[in-house]
Amino acid sequence: MYDTGTSGSALGSSLVVDSPSLSGNAREFDFQYTNNGGERFYDSFGTDRTATHFLYDVEVYVKSPNTDVANIEMDMNETMSNGDTVIFGFQCDGWNGTWDYTENSATPAKSQAHWLHSDQACNPRSWTTDTWHHIQVLYSRDNSGNVTYQSVWLDGTEQDIGVTVPSAFTLGWGASLLTNLQIDGKGASGSAVIYIDHLSVSRW
C-alpha cells in the first residue's frame, strides 16, 4: 500500500521465500518508487486490548545495493479498551541519521501525528548489505495512550531512547494488534529488496 504521507508514488509486492532466510520461511518485500515515495506492508496478529508492554523483535536483511533506501519503518498499533488506537511508530531514518518515533501533538480526536528524532544514530544505508541484522525495540504505554520508547538494540548493541510522548488516536478501528513494515525511497526513482525473518511481538 502506497503511504500517502510520502511524496511521489510507490508500489510493492511480498512473498515467502526459503533463501535468504534463517527459519526457512523469510518474507521478501520488493519495492519500487518515484520521488521519495514509500510503500507500507501490514498484518494483523491479535486482539489484545490490555497489554501495556511490548518487545518488537525482527531480523532484517537488505539486499545490495541499498542506495535507494531512505527509511525502514517498523510500527505497531494497538486498540485500547476505550477504543482509541495507540500507534507505536519507530523507524531508522536515513535522511537525518537517527532512530525516530511518532508523537500525537494534539488530542486523540483531533490528532496531529509527526515524527521526532531521537539522539541515537541509525541509517539503513550504513547497514551491511546481504546479511541479517537483529533489531529489537522495547516500548510501553499507559492507559491514556502515552508511549514510552525505552531502548532499541541493533545487532546486540543497545541504544537508549528514553522518551515518553502522547500517541493515542481516535480512529474508530476495531480491536486489533497490527504491525507495519514500510520502506521509503531516496531520490527521483529506484527500487529495493528487503527480507524479514523471525518477526515476533512479545506483550504483557
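Here's a quick rundown of the disulfide, the nonpolar cores and the aromatic pairs. The model is predicted, so local features need pLDDT of at least 70, side-chain atom pairs count only at pLDDT 80 or more, and totals for chains, interfaces and linings use all residues. Residues are numbered from 1 along each chain as its sequence is written, and side-chain values use heavy atoms, with hydrogens and water left out.

**Disulfide**
- There's one disulfide in the structure (cysteine sulfur atoms within 2.5 Å).
- Cys 92 and Cys 122 make the link, S to S 2.1 Å, and it's left-handed, with -100 degrees about the S-S bond.
- Both Cys 92 and Cys 122 are buried (under 20% relative accessible area, 1.4 Å probe, protein chains only).

**Nonpolar cores**
- The largest nonpolar core has 41 residues (buried Ala, Val, Leu, Ile, Met, Phe, Trp, Tyr and Cys residues joined through side-chain atoms within 4.5 Å).
- Residues with the most contacts (heavy atoms within 4.5 Å) inside this core are Trp 99, Trp 127, Ile 135, Tyr 139 and Tyr 149.
- Another core, of six residues, lies apart from it, with Ala 26, Tyr 61, Val 193 and Tyr 195 among them.

**Aromatic pairs**
- The structure holds eleven aromatic pairs (Phe, Tyr and Trp rings, the six-membered one for Trp, with centres within 6.5 Å; stacked means planes under 30 degrees apart).
- Phe 90 and Trp 99 are stacked because their ring centres sit 5.2 Å apart and their planes are at 20 degrees.
- Phe 90 counts as buried at 1% relative accessibility, and Trp 99 is buried at 0%.
- Phe 90 also stacks with Tyr 149, at 5.9 Å centre to centre and 25 degrees between the planes.
- Phe 54, Phe 88, Phe 90, Trp 99, Tyr 101, Tyr 139 and Tyr 149 form one aromatic cluster.

Key:
Buried < 20%, exposed > 50% of the residue type's maximum accessible area, 1.4 Å probe, protein only. Phe/Tyr/Trp six-rings, centres within 6.5 Å; stacked < 30°, edge-to-face > 60°.
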